[in-house]
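Hi everyone, thanks for coming. Please take a look at the sequence and structure on the screen, and then I'll walk you through them.

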Amino acid sequence: MLTRFAPAPTGWLHLGHVLNAEYVWESAATVLLRIEDHDRGRCRPEYETGILDDLDWLGYRPGIYPTAAFRAGRCEGRQSDRGSVYQDAVRELAARGLVYACDCTRREIEERSQHGDGTELWYSGRCRDRNLPLVDGIGWRARMDPGVERFVDELLGPQEQDPSRQCGDVLIRDRLGNWTYQFAVSVDDYRQGIDLVIRGVDLLPSTGRQIRLARLLGREHPAAFRHHALIMKTADQKLSKSDGDTGIRELRARGWTPDQVKQAARERGGIA
Ligand code: GLU
């Protein structure tokens, strides 16, 4: 089996990542390291280097795309080096009429959003039939026709999600030319042969649309999914990258050992 560890270099590694890494590396699967730097406005090269340094220090060794492969330059594990893979995927979807351009502003989307299931921002499909050209400077969306995606989460049990009611047609590239998380991760998990996805429960609502996108791209058998509990800062607030007290580089500077960091992550994540 092949799983992945997929941090976004929008901040330093923190205890929440270590908890996820513990779940990932204790699974029996081979681990692929993916740097999810699809959002060029928020990612910084120094964060990528910091993440690689912390992973080396913690002793997590990816079987595919080891940290040295990223340090050496271009790497297929880095999303910003995979633009042509995403372009090809869009071409395939567009050839089947599944992609369209959308020039709605966030305010316009918010105004029409009340018809979704209320769990998140919902896109009404206003631009579906406007035939705007698929060019730079405008958003691109993939059609999510009505239909329920069912899967059995290995930790949480049976799940049902209908992306057409949760979020509507999924944005796959924004008007600045950034590939979105939903699209890049769906293409990568499929094309890189990931068959086990292990991640925090905060991403559970995204899973149905990722299964759908992968199927539209031709994936016959979805990956298996394990969504685990998160380390919380307070009862209803999850840890964020700006919570310096749990940053791995700070703990390291204070003299913690890798084992102490991993143990702290496991205890706070309830798997001690
Ligand atoms: N890149 C995402 C993050 O840092 C993880 C995405 C995923 O596991 O699907 O939260």
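I'll talk about the domains, and then about the ligand.

A quick word on the source: this is a predicted model, where local features need pLDDT of at least 70 and side-chain atom pairs count only at pLDDT 80 or more, while totals for chains, interfaces and linings use all residues. Residues are numbered from 1 along each chain as its sequence is written, and side-chain values use heavy atoms, with hydrogens and water left out.

Let's start with the domains. Domain 1 covers 1-81 + 231-272, and domain 2 covers 82-191; these bounds come from an automatic or database domain assignment. Taken over C-alpha atoms, their centres are 27 Å apart.

How many residues are in contact between them? On the domain 1 side there are 12, and they touch 14 residues of domain 2, with contact meaning heavy atoms within 4.5 Å. Together the two domains bury about 980 Å², 37% of it on carbon and sulfur atoms. Buried area here is the accessible area (1.4 Å probe) that two parts lose on being put together, summed over both.

Across this interface there are four salt bridges, each a side-chain nitrogen of Lys or Arg within 4 Å of a carboxyl oxygen of Asp or Glu. By class, the side of domain 1 that touches domain 2 has eight charged residues, four polar and no nonpolar. In that scheme Ala, Val, Leu, Ile, Met, Phe, Trp, Tyr, Cys and Pro are nonpolar, Asp, Glu, Lys and Arg are charged, and the others, Gly among them, are polar.

Now for the ligand. Which residues are around the ligand? They are Arg4, Ala6, Pro7, Ala8, Glu36, Tyr181, Val185, Arg199 and Leu203, each with a heavy atom within 4 Å of it. This shell has six nonpolar and three charged residues, and no polar ones.

Look at glutamate 36: an N or O atom of its side chain is 2.5 Å from a nitrogen atom of the ligand. The backbone takes part in the picture too, with a polar backbone atom of alanine 6 lying 2.7 Å from a ligand nitrogen.

Methods:
Polar contact = N/O pair within 3.5 Å; in protein donor to acceptor, adjacent residues only side chain to side chain.
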